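Biologist: I have a new structure open and would like to learn how to read it. Could you walk me through it step by step?

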Amino acid sequence: MLILTADGQSSGQRDSWEISDGDVSVLGRVKGSHCCVPWDEAVSRKHAELRIVDAALNIRCFDAENHPIWKNGQTYTETSVAAGESFRIGHSWFNVKPATASLPVIDFIEQLPSGDSATTSMVLS
């Protein structure tokens, strides 16, 4: 299992999803998409198919000609992203994380003040 997080251009434009091994998920703007980014008009209603392949997130665009995946300064119609890597579609950045903690714990830890190692250690213990 991997965790995909999305960040838009404005505050409040953020979400996270669990992507399970063996599942095929859809990333898009339309409600009902497993990974829904309704804030980004540059993301198609049904933009890409997501699945885990060899422990990495494989992303395949449905309409790659108009809406590519940006990764490391290059465009792709299909690519794999390992845990710890990021990519961009439209105006949103996506980060892939290992599923070592549940989503609420990850969200909580990311909101801690940076440099607060004592609190982070206490939370993770």
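**Salt bridges, strands and a core**

Modeller: Let's begin with a pair of charged side chains: those of Glu 49 and Arg 51 meet in a salt bridge at 3.2 Å, N to O. A salt bridge here is a side-chain nitrogen of Lys or Arg within 4 Å of a carboxyl oxygen of Asp or Glu. A word on the basis: this is a predicted model, where local features need pLDDT of at least 70 and side-chain atom pairs count only at pLDDT 80 or more, while totals for chains, interfaces and linings use all residues. Residues are numbered from 1 along each chain as its sequence is written, and side-chain values use heavy atoms, with hydrogens and water left out.

Biologist: Which residue in strand β6 forms a pair with Glu 49 that links distant parts of the chain?

Modeller: Strands (E, at least two residues) are DSSP runs numbered from the N terminus. Glu 49 has a salt bridge whose closest N and O atoms are 3.2 Å apart, and its partner there is Arg 60. The two are 11 residues apart, with Glu 49 in strand β5 and, in strand β6, Arg 60.

Biologist: Is Glu 49 buried or exposed?

Modeller: Buried means under 20% relative accessible area, exposed over 50%, and partly exposed in between (1.4 Å probe, protein chains only). Arg 51, at 31%, is partly exposed. Glu 49 has a relative accessible area of 15%, so Glu 49 is buried.

Biologist: How far apart are the closest N and O atoms of Arg 14 and Asp 7?

Modeller: By the salt-bridge rule, the count comes to three. Arg 14 is partly exposed at 38%, and Asp 7 is partly exposed at 23%. These two form a salt bridge, and their closest N and O atoms are apart by 2.9 Å.

Biologist: How many residues are in the largest nonpolar core?

Modeller: A nonpolar core is a set of buried Ala, Val, Leu, Ile, Met, Phe, Trp, Tyr and Cys residues joined through side-chain atoms within 4.5 Å. In the largest one, the residues with the most contacts inside it include Leu 4, Leu 57 and Phe 94, and the number of residues is 21. Strands that each supply at least two residues of this core include β1 (2-7), β10 (86-89) and β11 (92-98).

Biologist: Nice. Which residue in β11 is the bridge partner of Phe 87?

Modeller: Two strands pair if DSSP finds at least two bridges between them. Four bridges join β10 to β11, which run antiparallel. The two strands form a hairpin with two residues between them, and Gly 90 in the turn has a positive phi of about 65°. The partner of Phe 87 in β11 is Phe 94.

Biologist: Which strands stand at the edges, each with a single partner strand?

Modeller: The order of the open sheet of five strands is β4-β3-β5-β6-β9, with mixed pairing. One side of each edge strand is left without a neighbour in the sheet, because each has a single partner: these are β4 (35-36) and β9 (78-81).

Biologist: How far away is the nearest cysteine sulfur to Cys 35?

Modeller: A disulfide is a pair of cysteine sulfur atoms within 2.5 Å. By this rule the count comes to zero disulfides. Cys 35 is in no disulfide, and the nearest cysteine sulfur, that of Cys 36, lies at 9.2 Å.
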